[in-house]
Amino acid sequence: MDALTIISQEHSNMWRLATALDQVASDMQAGAPLEPAFFEAALDYISQFVDHMHHPKEDDFLFRLLRLRSAEAAEVLDALEADHRQGPHNLTQLRAKLNAAAQGQLPIAELAVAINRYTDVLKGHIKTEEKHVLPLARKALLPQDWAEIDQAFLNHSDPVFGDQAKAEFRELFHRIVSLAPDSIGMGASVDGLPVASVVAQQPVLLQVQGLESCYGRIKALKGINLEVRRGETVALVGANGAGKTTFLRAVSGVQPISAGSIHFDGEDISKLRSDKRMRRGICQSPEGRQVFGPLTIEDNLRLGAYTQPKHQVAGDMEKIFAMFPVLKEKRALPAGTLSGGQQQMLAIGRALMGRPSLLLLDEPSMGLAPLLVEEVFNVIKTLKAQGMTILLVEQNAFAALAIADRGYVLETGSVTLTGTGQELINNEQVRAAYLGM
Ligand SMILES: Nc1ncnc2c1ncn2[C@@H]1O[C@H](COP(=O)(O)OP(=O)(O)OP(=O)(O)O)[C@@H](O)[C@H]1O
Ligand SMILES: [Mg+2]
């Protein structure tokens with residue numbers, strides 16, 4: 001049922017976008033100016049990824065097979081397919097209104113009403129699918145149906161749904177986030193930050209204050225305050241383009257900062273080179289894994305230990321192999337021959353070879369099949385149980401918050417919420433924006 005995970009993830013993206021559109025619309029009702037570029041990007045996203053990819057794929061596979069297996073499904077599927085057919089038309093009309101408003105031919109308040117009407121339909125549609133259709137599909141479809149549906153959704157070379165499309169998706173979502181007005185971020189709004197209630201009274205290991213970082217004129221981090229105590233697992237969650245990767249890279253020292261400070265174990269490391277930070281125990285498993293394809297698995301692991309005394313490397317490598325037996329089996333093969341999930345294990349293993357006192361993980365579950373996602377999270381749980389201090393960046397917000405002691409929600413370069421993992425999971429705004437509920 002991999003397809004269901006993909007569908008639900010896409011629903012949660014759509015939900016976040018719809019929530020953001022609603023917020024901008026209500027700001028406009030209150031007199032905020034129109035931001036045409038933001039709306040253009042958001043509508044491009046809906047057109048490309050919702051109307052032209054997500055919906056046809058559902059019709060052609062999930063809905064078609066569900067009709068065969070369940071008479072009960074017909075009525076609701078008729079309605080949803082009608083929505084799918086109507087989608088491009090509704091979008092064209094909304095674009096026309098946007099253009100008219102941008103040219104001063106339509107009052108902005110009227111555009112806001114049209115946006116709300118549009119997102120109401122979109123949200124209603126998502127709710128129906130999540131509450132009725134997906135549960136019914138889980139019950140009624142046969143294993144061979146799932147095989148067919150999963151294959152269609154997991155096809156990485158599919159021109160409209162494969163890796164290329166995923167890369168475009170990421171790009172477009174980043175654009176939306178960077179164009180979103182500062183006031184809304186992308187999702188939850190700031191209503192006074194709830195303060196974390198119970199935090200283990202361990203000493204603070206990482207203390208970040210007022211951290212800012214820029215790409216040219218774009219400020220990607222706008223004054224971040226964050227701390228990690230010894231032994232804690234802290235999750236940093238947020239939409240594409242929120243600044244999560246930039247933050248981790250700033251902590252590990254490969255991304256320059258323009259203001260603020262980073263203290264580690266009581267020492268100001270803000271100006272320390274990245275290799276020096278690694279020697280102090282800050283080790284990162286980077287976004288997109290970035291293992292060295294032509295080098296063997298063993299050599300990749302050795303690279304992670306280049307700051308460590310030679311005599312401990314062999315023993316440490318055995319510990320990694322005990323944790324990830326598949327890497328041991330393939331130790332002499334080029335890393336490029338590993339599957340995505342195995343490369344992720346290698347990237348985590350490589351970071352562990354540096355004997356981290358703080359482990360930074362950037363989206364360890366990205367691009368993995370659901371079963372592997374679970375495996376990666378199990379590894380993180382094990383490390384946590386062993387007392388490792390972990391700062392975990394994840395788009396899979398629910399899973400990350402569920403294992404974290406505390407979490408931070410990052411939106412367009414600012415922390416908008418913080419609390420224990422459970423508090424954030426229960427938080428209405430977080431649920432609406434990130435968990436698709
Ligand atoms: N090399 C770069 N040059 C210019 N802008 C960049 C660069 N890398 C990131 N950005 C911008 O900085 C902002 C934060 O990006 P970052 O990659 O830190 O986000 P993220 O939260 O990690 O996103 P994702 O969930 O997609 O990994 C975005 O607006 C992004 O477009
Ligand atoms: Mg990132």
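Which residue in strand 4 stands opposite Val208? Keep that one in mind while we look around.

**Before you click.** This is a predicted model, where local features need pLDDT of at least 70, side-chain atom pairs count only at pLDDT 80 or more, and totals for chains, interfaces and linings use all residues. Residues are numbered from 1 along each chain as its sequence is written, while chains are lettered from A and ligands numbered from 1 in the order in which they are written.

**Whole chain.** Start with the protein chain as a cartoon: there are 16 helices and 10 strands (DSSP runs numbered from the N terminus, H or I of at least four residues for helices, E of at least two for strands). With a radius of gyration of 23 Å, close to the 22 Å that the globule rule gives for 437 residues, the chain is as compact as a globular protein of that length. That radius is taken over C-alpha atoms, and the rule is 2.2 Å times the number of residues to the power 0.38.

**Two domains.** Now colour 2–179 as domain 1 and 204–433 as domain 2; the bounds come from an automatic or database domain assignment. Their centres, taken over C-alpha atoms, are 31 Å apart. Nine residues of domain 1 are in contact with 10 of domain 2 (C-beta atoms, placed from the backbone, within 7 Å). On the domain 1 side, select helix 1 (2–29) and helix 6 (163–179), which each supply at least two residues. Helix 6 gives the most, with five.

**Ligand 1.** Keep helix 6 selected and show ligand 1: helix 6 also gives the most to the shell around this ligand, with four residues. Strand 2 (218–229) and helix 7 (244–252) each supply at least two. The shell draws at least three residues from each domain. Of the 17 residues around the ligand, zoom in on Tyr215, Asn240, Lys244, Thr245 and Thr246, which come nearest (a residue is near if its C-beta atom, placed from the backbone, lies within 6 Å).

Next, pick out the open four-stranded sheet, with order 2-1-4-5 and antiparallel pairing (two strands pair if DSSP finds at least two bridges between them). At its edges are strand 2 and strand 5 (267–268), each pairing on one side only. Then select strand 1 (residues 204–215) and strand 4 (residues 259–264), an antiparallel pair joined by five bridges. Here is the opening answer: Val208 stands opposite Ile262 in strand 4.

Notes: Contact = placed C-beta atoms within 7 Å.
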